[in-house]
Amino acid sequence: MTGAARGAGAGARGVAARARRAAALLALAAAALGSAALGPAACTEKRDDGTTPAAAPAELPPLELRDDTANLMLTWIDEKGDTHVELRPADVPAEGRSMVRAMLSDRTEGTRDVFYVADLTQKRPDGTYAVRTMPRREWESQLEKRRAEHLAKTAPPPAAPVPGGPAGPGGPAGPGAPGAPSQLAGVTVIIYGASWCKPCHQAADYLRAKGVASIVKDIEEDPTAAAEMQDKLAKSHQRGGSIPIIDVRGQILVGFSPHAIDQALARAARGTTL
């Protein structure tokens, strides 16, 4: 065989080898594409890859509630739907003992979407009280229900408008009285409350309508705010019977009362300070 013939044969074999390799690569690529296309369609079970947010727990960790439990904050509801805060089970009155929200200031459990709720009407032989978990929305619905029932019992019939009388919230006698914002421009009111507390929101809205700056501090989300509130109550020789607790330049008000706020703002405008 001549050199030319041998070279031609080698060249043909090289072409054939390259063709086989190309065919093999194409087959592998087709198989890979086929697997990729079939993979998701064939997957019938959802697997957690670590990126799925964890669902809120249906039950909170157990809470042992006793008369001497430390760092305790108890919230009970009266017949009007107003909330009150106590620090010891013994201080919760009979009307509110059957459903009391419990929170420990040094723990985050029970402060968000699921609450601890205790029944203080009966004490177990070991000295503890029964505690269960309750969704936040269920707790809030209890507040709304009691407020609605109270309003239905006590709401007076609507009064007829008096010609020439006060114009309401925006009129001469209302929250937006002329001159009020300028007189109170340097006053900032601090409201200690909680997100579910309707009177807390009412206090903030009332101050906003009067043009008075306010800061809302959530005592459930911020343990520092809770401690600050208790310190101010102690210094003013008061007990935290309900929230909001309102600080108007050192004047500590327990609960929301438009009249009390107006009086405190009037004194603050004259220079009352901490």
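A residue is called buried when its relative accessible area is under 20%, exposed when over 50%, and partly exposed in between (1.4 Å probe, protein chains only). Asp247, with a relative accessible area of 3%, is therefore buried. The structure is a predicted model, in which local features need pLDDT of at least 70 and side-chain atom pairs count only at pLDDT 80 or more, while totals for chains, interfaces and linings use all residues. Residues are numbered from 1 along each chain as its sequence is written, and side-chain values use heavy atoms, with hydrogens and water left out.

The protein has 274 residues, 34% of which count as buried. Its secondary structure consists of 6 helices and 9 strands, taken as DSSP runs numbered from the N terminus (helices H or I, at least four residues; strands E, at least two).

The largest nonpolar core contains 23 residues. Such a core is a set of buried Ala, Val, Leu, Ile, Met, Phe, Trp, Tyr and Cys residues joined through side-chain atoms within 4.5 Å. Those with the most contacts inside this core are Trp139, Trp196, Ile219, Ile243 and Ile245. Helix H5 (223–235) is among the elements that each supply at least two residues, and its 3 residues form the largest share. Ile219 touches residues including Met73, Met103, Tyr192 and Ile243, a contact being heavy atoms within 4.5 Å.

Thr75, found in strand E1, counts as buried at 3% relative accessibility. Beyond its neighbours within four places in sequence, Thr75 contacts Trp139 and Trp196, among others.

The structure also holds 14 salt bridges, each a side-chain nitrogen of Lys or Arg within 4 Å of a carboxyl oxygen of Asp or Glu. In one of them, Glu220 pairs with Arg101, the closest N and O atoms being 2.3 Å apart. Glu220 lies in the loop between strand E7 (213–218) and H5, and Arg101 in strand E3 (residues 100–104), so the pair ties together parts that are 119 residues apart in sequence. Both Glu220 and Arg101 are buried.

Asp247 forms a salt bridge with Lys232, with 2.6 Å between the closest N and O atoms. Because Lys232 belongs to helix H5 and Asp247 to strand E8, the pair ties together parts that are 15 residues apart in sequence. Lys232 is buried as well, with a relative accessible area of 17%.

Finally, helix H6 (residues 258–269) buries Ile261, Ala264, Leu265 and Ala268. They cover an arc of only 100° around the axis, which puts them on the same side of H6; the arc is that of the directions from the helix axis to the C-beta atoms.

Notes:
Expected span 1.5 Å × (residues − 1).
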